[in-house]
Amino acid sequence: MLKPSLQLRLGQRLTMTQQLQQAIRLLQLSSLELKAAIQEAYESNPMLETEDRSESEAPLNENTDAQEEPGEATPDKEDPLLPEERAVESEWDDMHELSYTMGPSHTNEEQMDYLDSRATAEHGSLHDHLLWQLELSSLSDQDLLVAGVLINALDESGYLHEDLENIQASLGQADDIGLDEIEATLKFVQRLDPVGCGARSLQECLDVQLQQMPGELPFLVQARAIVEKHLDLVGMKDYVKLSKRSGFSIEDIENAVGLIQTLHPKPGDLIHMQKSEYIVPDVYVEKHGNAWRVRLNPYTTPKLSINNVYTNMINKMATGEADYMRSQLQEARWLIKSVQRRNQTLVRVATSIIEHQQAFFEHGEEAMQPLVLRDIADELEMHESTISRITTNKYMDSPRGVFEFKYFFSSHVSTNDGGACSAIAIKAMIKSLVQEENQAKPLSDHKIAGLLEQKGISVARRTIAKYRESLAIPPSNQRRQRV
């Protein structure tokens with residue numbers, strides 16, 4: 001017979017507090033996502049307030065520390081209203097104190113909003129641009145209908161992949177509108193701006209653009225003949241065979257090809273259909289003397305602080321209202337600490353990356369060292385997942401350009417002397433070899449592998465081909481230029 005009884009069990013279970021969950025979530029957010037998250041918290045939490053950068057010239061309170069970092073708003077000052085939070089500190093990855101320099105404050109708010117205002121400018125799509133030109137034309141109602149259907153059938157690059165028979169069927173007036181009328185309307189569409197939209201092949205697209213050029217233009221006749229019959233040889237740069245087939249001299253072919261290269265193979269791309277996107281770096285990398293230093297971008301994170309007015313009013317509120325404001329105050333402090341820790345972790349990881357990749361900043365891609373997330377995690381005594389989160393969608397601005405943190409992590413290939421070479425360095429070497437090759441006798445993948453072997457880097461031919469394709473470098477037979 002079953003009887004109720006009490007049992008005592010001892011065990012361990014890992015739990016994540018709300019504060020730790022918030023800190024981890026903030027780690028993986030990009031600078032724009034972090035701004036949005038902070039703005040959302042600011043709008044919903046009355047205990048939070050932000051300091052506008054444009055007000056940085058206002059007189060500072062005598063008790064305010066001028067060296068206070070962004071996102072660090074005296075969370076450890078005396079406050080009898082909050083419960084003790086020291087136990088939560090041990091749940092983080094043993095964060096150490098870290099000092100980092102901040103950039104100069106800009107008081108001109110218009111400077112900070114310039115890129116945002118540019119990014120919000122609206123651009124019409126290709127279809128809208130073409131339809132707008134139709135409204136200004138003198139076509140008949142029937143031709144306007146056909147032209148509108150043709151324009152709506154174009155892809156983003158301006159090409160028409162739909163058969164004219166299907167276009168005719170979609171009109172629902174097959175008896176009244178013949179294929180010859182649709183073809184004539186298509187010719188009209190192809191001459192709208194940008195010229196060449198509505199073409200059904202690359203050859204037709206280029207030919208339409210050449211037809212719009214002045215007839216007395218030098219080498220126009222040769223260019224049209226080459227586009228019409230020998231476009232494949234232009235891609236292979238086989239000018240000798242092209243000369244034999246067309247009867248043109250090598251010099252005329254080179255000039256005609258130069259004219260063809262001024263054309264737009266994808267005319268639809270000339271119309272911007274998406275607003276420009278700008279990368280805001282999270283940190284700046286600068287060289288001071290012989291040392292490389294990391295500087296946090298102060299404008300990626302709004303400067304948060306606690307609203308002292310509401311804090312002082314809590315003791316005067318009713319019990320229910322006071323409890324609510326205390327919980328909001330606690331959440332505000334958690335957010336400020338989480339942002340501060342995120343910034344500290346970001347700077348620590350960026351500094352560690354620079355120490356491993358100092359040769360890259362000094363000499364370029366060919367000096368890139370192999371690096372994996374575990375290397376940084378072991379050095380900073382953090383978990384590998386933490387490093388993965390903090391390096392996702394984070395960017396650093398350096399004298400060599402703007403790079404994502406993930407860019408500095410790559411696989412490696414063993415060298416003959418027992419060392420290792422990163423995949424990025426190998427790609428840079430392949431690119432350099434192709435740029436310096438004899439265009440009449442371009443290097444094959446096997447030859448490139450042999451040249452790298454001479455440098456002590458053993459790479460298979462298929463790996464060379466994979467790296468070459470990732471660099472958008474065509475194979476040797478397409479790079480050969482016969483002159």
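These are my notes from looking around this predicted model.

**Ground rules.** I count residues from 1 along each chain as its sequence is written, and I leave hydrogens and water out, using heavy atoms for side-chain values. Because the model is predicted, I ask for pLDDT of at least 70 for local features and 80 or more for side-chain atom pairs, while totals for chains, interfaces and linings use all residues.

**Entry: glutamate 437.** I found glutamate 437 in the loop between α18 (423-436) and α19 (445-454). My helices are DSSP runs of H or I with at least four residues, strands are runs of E with at least two, and both are numbered from the N terminus. Is glutamate 437 buried or exposed? It counts as buried, at 13% relative accessibility. (Buried is under 20% relative accessible area, exposed over 50%, partly exposed in between, with a 1.4 Å probe and protein chains only.) Beyond its neighbours within four places in sequence, glutamate 437 touches Pro442, Leu443 and Arg479; contact here is heavy atoms within 4.5 Å.

**Entry: helix α12.** I looked up which residues of α12 (250-260) are buried, and got Ile253, Ala256, Val257, Leu259 and Ile260. They sit on the same side of α12 because they cover an arc of only 155° around the axis, taken from the directions from the helix axis to the C-beta atoms. These buried residues pack against α8 (202-211), α9 (220-229), α10 (231-236) and α11 (239-246).

**Entry: strand β4.** In β4 (303-306), Lys303 and Ser305 point one way, Leu304 and Ile306 the other, and all are buried. β4 runs antiparallel to β1 (48-51), joined by four bridges. (Strands pair if DSSP finds at least two bridges between them.) I noted serine 305 as the bridge partner of glutamate 49.

**Entry: salt bridges.** How many salt bridges does the structure hold? I get 10, each being a side-chain nitrogen of Lys or Arg within 4 Å of a carboxyl oxygen of Asp or Glu. One of them joins glutamate 362 to lysine 287, with the closest N and O atoms 2.9 Å apart. Glutamate 362 is in helix α15 (358-363) and lysine 287 in strand β2 (283-288), so the pair ties together parts 75 residues apart in sequence. Glutamate 362 is partly exposed at 30% relative accessible area, and lysine 287 counts as partly exposed at 37%.
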